[in-house]
Amino acid sequence: MSNYLKLVNFELSRFMKLYVVMICFTIIMQITGVIVKSKSYMGLANEEMYKNMMSKTEFINQHGEFSFYWLTQSIWFMGPIALCGAALLFYMFLIWYRDWLGKNTFIYRLLMIPTARMNVYLAKATTIFLMVIGMVALQLALFPVEAVVMQWMVPVDFRLDLNILQTIFSLNFAAVLFPLTPTEFFLWYGAGAMSILVIFTAILFERSFRWKGILIGVVYIALSVGLLMLPVLIDEFFMYGYLYPIELVGITIVMGLLVTGMSLFTSHYLLNKKVTV
Amino acid sequence: MLEVKDLKKKFGRKQVLKGVSFTAKKGEITCLIGINGVGKTTILNAIMRLTAINGGQILLNGESITKKSYEKITFIPDAITVMPHMKISEAMQFMDDFYDCWNEKRATELLDFFKLNANDRVSSLSKGNTAKVNLLLGLAMDVDYVLMDEPFSGIDMFSREKIAEVFTTHLIEDRGVIITTHEISDIEHLIDHVVLLDNGRVLKEFATEEVREQEGKSVVDVMREVYQA
């Protein structure tokens, strides 16, 4: 356990510089976005009211009140989220390959640590998971800050103040990133954790069997997705409406646990018996 | 005792090791010799479980190699095994964090011996000094066996002399060493036991002292005899 925690700490510190850059980028982009969007809204309001002699009520009726929704639909808000998501996805591969490839082959050290090799694997998976949770927490913390900036920029008559829950509801991807119940949290984040393990297993296939491993890895990912989707596919195409929705969810969870267990077992085997430096 | 028994390894269709067996004892320097591609590095990787094997057994004091064995046996590969942005001191701290057998006192001694600066980053070091950092990290552990893969490869004469000097100091003590090298002349006088490899098999295995005393031959003489036959 102690070695696992040390490894998690080590992996986190390796990624920290890039992570801090991602955090700063998100904060700067989104706050700038609030300012730009607010200014543009107020610019439009001024133009309509002073140049075109439109009343405040007419303007609001025509253009709507300025709310957080305006920001969430812009590149200023979605851009950093998409970029951070892409960076974390890329890092899922980089976290393994940078230890193998290049001039410095740190994988020698990692595999020769006197601890179960699964600790290395789980530490890398935990790091990715914590990074995702961290980014989501950052976004949650940013909402009130951005709301305050918006309140500074847009007079109360022109804006519609939303609380955090209303803001989250206004986002398309809210249900996945910001689950509102513990069950939803376990479902979505469990699926995320499972995906990390499936991709890690595919990477280990490649690291064990090289060119053949790429094919095996792709087949493994397809098989995992297939297994997970199996209950839904059977219900949709062969036994339509046979299962209650709750039963379908239950069976899908069981399949998810099966895929997770299969990934852990396969990775354990590959790391201990097949992987090559 | 470190025993390699009937070790077999295939890369694709090519059988690189066809049943290699030898034994390395504590307190002795065993040298694996053979041309490039004969499987010397593969043997060391296999001992450390860094590559899968297709047959055979590797035993440390009669037991299979497990994660616990990494506290008794260390490997100094012919590759930089620390991250480039790490300072030498950080690499030493990493070892201290994970290995019970890490000997801080000896590490500091080795740092002085190799005239390295703990605050230097690995990426800023020359090839010779990087090799010395690798050696430092391996030798500063209180282990029974040290595996070294081509420790003199691509290194200038003075660095080679400094590395060879390690073998005559207390820094090696009574540990068992398995070394692969093409620079036999640098350490010929220090080797106790030689394993000559060719075509995936052990061609000849001998104690240098015996060959020197009984036949009046050096390691290089025996190599010429065996490989040119």
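The structure shown is a predicted model.

**View 1. Chain B as a whole agrees with the globule rule.** For the 229 residues of chain B, a compact globule would have a radius of gyration near 17 Å, and chain B has 17 Å, which agrees. The C-alpha atoms of the chain fill a box of roughly 50 × 35 × 30 Å along the principal axes, and within this box there are eight helices and ten strands. Of the 229 residues, 39% count as buried. When contacts between residues at least 6 apart in the sequence of chain B are considered, 72% of them join residues at least 24 apart.

**View 2. Chain A is built of ten helices and zero strands.** Followed along the sequence, chain A reads α-α-α-α-α-α-α-α-α-α. Its radius of gyration is 24 Å, well over the 19 Å that the globule rule gives for 277 residues, so chain A is more spread out than a compact globule. The C-alpha trace of chain A spans about 75 × 55 × 35 Å along its principal axes, and 29% of its 277 residues count as buried. Among the contacts in chain A with a separation of 6 or more, residues 24 or more positions apart account for 78%.

**View 3. Two helices of chain A, α9 and α10, come together.** Helix α9(A) covers residues 182-237 and helix α10(A) covers residues 245-274, and their axes come within 6 Å and cross at roughly 170°. An angle over 145 degrees counts as roughly antiparallel, and α9(A) and α10(A) are therefore roughly antiparallel to each other. The residues of the contact between these two helices divide into 20 nonpolar, ten polar and two charged.

**View 4. The four-stranded sheet of chain B is open and has antiparallel pairing.** The strands of this sheet stand in the order β2-β1-β4-β5, and the edge strands, each of which pairs on one side only, are β2 (14-24) and β5 (63-64) of chain B. Strand β1(B), residues 2-11, pairs with β2(B) in the antiparallel sense over eight bridges. Within this pairing, Lys9(B) stands opposite Leu17(B), while Lys8(B) stands opposite Lys18(B). In a regular strand the side chains alternate between the two faces of the sheet. The strands β1(B) and β2(B) form a hairpin with two residues between them, and Gly12(B) in the turn has a positive phi of about 65°. Helix α1(B), residues 40-47, lies across β1, β2 and β4 (55-60) of chain B and runs at about 115° to β1(B).

**View 5. The six-stranded sheet of chain B is open and has mixed pairing.** Its strands follow the order β6-β7-β8-β3-β9-β10, with β6 (73-76) and β10 (201-207) of chain B as the edge strands, each pairing on one side only. From one strand to the next, the twist averages 15°. Strand β3(B), residues 29-33, and strand β9(B), residues 193-198, pair in the parallel sense over four bridges, and Thr30(B) stands opposite His193(B) in β9(B).

**View 6. Helices α4 and α8 of chain B lie against strands of the six-stranded sheet.** Helix α4(B), residues 127-139, lies across β6 and β7 (145-149) of chain B and runs at about 180° to β6(B). Helix α8(B), residues 219-227, packs on the sheet and touches β3, β9 and β10 of chain B, its direction making about 25° with that of β9(B).

**View 7. Gln93(B) lies in helix α2 of chain B.** The helix that holds Gln93(B) covers residues 88-98, and Gln93(B) is partly exposed, with 15 other C-beta atoms within 10 Å. Gln93(B) and Asp198(B) are 105 residues apart in sequence, and their C-alpha atoms are 40 Å apart in space.

**View 8. Chain B and chain A are in contact.** On this interface, 20 residues of chain B are in contact with 18 residues of chain A. The residues on the side of chain B that touches chain A divide into 13 nonpolar, three polar and four charged.

Methods
Residues numbered from 1 in each chain as written. Chains lettered and ligands numbered in written order. Predicted model: local features only at pLDDT ≥ 70, side-chain atom pairs only at ≥ 80, totals over all residues. Rg over C-alpha atoms; globule rule 2.2 N^0.38 Å. Buried ≥ 20, exposed ≤ 12 C-beta atoms within 10 Å, placed from the backbone. Contact = placed C-beta atoms within 7 Å. Nonpolar A, V, L, I, M, F, W, Y, C, P; charged D, E, K, R; others polar. Pairing = 2+ DSSP bridges. Axes fitted to C-alpha atoms, helices over the stretch in contact; angles between N-to-C directions. Parallel < 35°, antiparallel > 145°, perpendicular 65-115°, else oblique.
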